[in-house]
Amino acid sequence: MRADYIIVGQGLAGSLLAVSLRGRGLRPVVVDDGWKTSASKVAAGLMTPLTGRRFTLTPEYPGLFSVASRVLGQEGVLRPMQVYRAFVDDEQRRRGLSRAEDPSYAPFVVRSTEGQGLLHPDLDDPLGGVLMHGAWTDLPALLSRHRESLRQDGLLIEDRLHHDDVSVSVAGVLWKGLAARGIVYCDGYRSAVSGPFKRLGWQPAKGEALTLTSDAPVPPFVLNREGWAIPQGEGVWRTGTNWEWAALDESVSAVQRDKLVARFRGFFRSPVAVEVLEQQAGVRPCTADSRPYLGTHPEIPCVHLFNGLGPRGTVWAPAMAELMADHLHGRAAIPQELDLRRSWPA
Ligand SMILES: Cc1cc2nc3c(=O)[nH]c(=O)nc-3n(C[C@H](O)[C@H](O)[C@H](O)COP(=O)(O)OP(=O)(O)OC[C@H]3O[C@@H](n4cnc5c(N)ncnc54)[C@H](O)[C@@H]3O)c2cc1C
């Protein structure tokens, strides 16, 4: 069997890269081990323009969001939604309100509020907040559609790939009888733990999320205050998350569940009933400088990486998949700030 590229992993990165390569007339074969708690299966899929304690709109966000809206919109998995980010303290309130007045933020800001209940009477938001234009990506639908399409076209191998089983030569790579001109690792945070790109500067971060039912009032927007709560219809919500750098596993904890439930209840003025349906944990493939890692191994020319999508994979992945496909097709150089070589130890 022959492919142009073997892609390791069918998460968000591997799925979109496979489409981009096929769009350029190339034949990828995707190897995926069906990892139940991959980041893409645990993620909320939220796109929020104003992030961090400082309510910053990063310079790259408008361009990335524009590509993401086009690509994920064409796929039918993008749900434009407003996101209400409530202020947690006076400092954040001061910054948030000044951002809301800044003309360069205008395309992303719907309105700001300065006090309790001004946006929605049932919310507990004593300091107010900013309502912004965001979006939610239906990642389960995206992953299952791509998996089915790859399977139907004979481009999916459901197996675990061990790098030691890959033979590399000047002609390309060979794995279990599958020959290709190159291999691209889209294996999420596992690249940080083993394999040819382990030496890069990774900062993987675990997070937990809940699916729950509640009688809480349902606002027509996503709730966000040191975490998020996304109404999914019929009383079902997804809510998360936390950041944990020490224990990089996919186990869930009662402590985190209780914290996430308490935070969810804290969005509302009156007590709400909650029943947890599911608790998941996943690890975000974060990098030391918060930018993805794209490109080719500095010492092994047919071994490539498309990874490091971090906590905002849905924002980064569509534009980066196109850039990576152009790079593999010999049509584009990777800009230095995205090229994995920026982090390769000397
Ligand atoms: C709790 C949490 C909340 C998040 N919330 C958001 C959010 O709201 N918005 C947002 O944009 N992003 C969010 N993210 C980040 C987002 O999930 C990631 O950026 C993105 O999903 C990473 O995708 P990926 O394809 O690189 O990795 P993954 O989704 O981890 O996919 C890796 C794939 O590779 C496969 N694989 C790995 N190793 C092998 C191997 N050796 N052989 C075969 N297959 C292999 C796995 O089975 C898996 O399918 C969140 C992440 C977490 C954990």
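At what angle do α3 and α8 pack, and how far apart are their axes? The angle is about 75° and the axes sit 8 Å apart, with axes taken as lines fitted to C-alpha atoms, for helices over the stretch in contact, and angles running from 0 to 180 degrees between N-to-C directions. That makes α3 roughly perpendicular to α8, the label for angles of 65 to 115 degrees (under 35 is roughly parallel, over 145 roughly antiparallel, the rest oblique).

Some ground rules before the details. This is a predicted model, where local features need pLDDT of at least 70, side-chain atom pairs count only at pLDDT 80 or more, and totals for chains, interfaces and linings use all residues. Residues are numbered from 1 along each chain as its sequence is written. Helices (H or I, at least four residues) and strands (E, at least two) are DSSP runs, numbered from the N terminus.

- α3 covers residues 61–74, and its 14 residues reach 19 Å from first C-alpha to last, close to the 20 Å expected at 1.5 Å a residue (1.5 Å times one less than the number of residues).
- Tyr61, Phe65, Ala68 and Leu72 are the buried ones in α3; buried means 20 or more other C-beta atoms within 10 Å of a residue's own, exposed 12 or fewer, partly exposed in between, with C-beta atoms placed from the backbone.
- These four cover an arc of only 65° around the axis, which puts them on the same side of α3; the arc is that of the directions from the helix axis to the C-beta atoms.
- An α-helix has 3.6 residues a turn, so residues three or four places apart point the same way.
- Over on the other side of α3, Gly63, Ser66 and Gln74 are exposed.
- The cover over the buried residues of α3 includes β3 (46–47), β4 (78–86), β6 (129–137) and α8 (313–328).
- From α3, residues including Tyr61, Leu64 and Val71 meet a set in α8 that includes Thr314, Trp316 and Pro318, contact meaning C-beta atoms, placed from the backbone, within 7 Å.
- By class, that contact of α3 with α8 has 11 nonpolar, 1 polar and no charged residues (Ala, Val, Leu, Ile, Met, Phe, Trp, Tyr, Cys and Pro count as nonpolar, Asp, Glu, Lys and Arg as charged, the others, Gly among them, as polar).
- Gly76 follows α3 and has a positive phi, near 75°.

**Helix α4**

- α4 takes in residues 90–101, with 12 residues reaching 17 Å, close to the expected 16 Å.
- Its buried residues are Gln92, Arg93, Gly96, Arg99 and Ala100.
- Seen down the axis of α4, they fall within an arc of 130°, so they line one face of the helix.
- Turned away from that buried side are the exposed Asp90, Glu91, Arg94, Ser98 and Glu101.
- β5 (109–113) and β6 are among what covers the buried residues of α4.

- Most residues other than glycine have a negative phi, and most peptide bonds are trans.
- Phe55, in the loop between β3 and α3, has a positive phi near 55°, and it counts as buried with 25 C-beta neighbours inside 10 Å.
- Glu234 also has phi near 55°, but it is exposed, with 7 other C-beta atoms within 10 Å.
- Gly240 and Thr241 are joined by a cis peptide bond, omega about -5°.

**Cys286**

- Cys286 sits in the loop between β15 (274–284) and β16 (293–296), and it counts as buried with 22 C-beta neighbours inside 10 Å.
- Its C-alpha is 5.2 Å from that of Gly308, 22 residues apart along the chain.

Notes: Contact = placed C-beta atoms within 7 Å.
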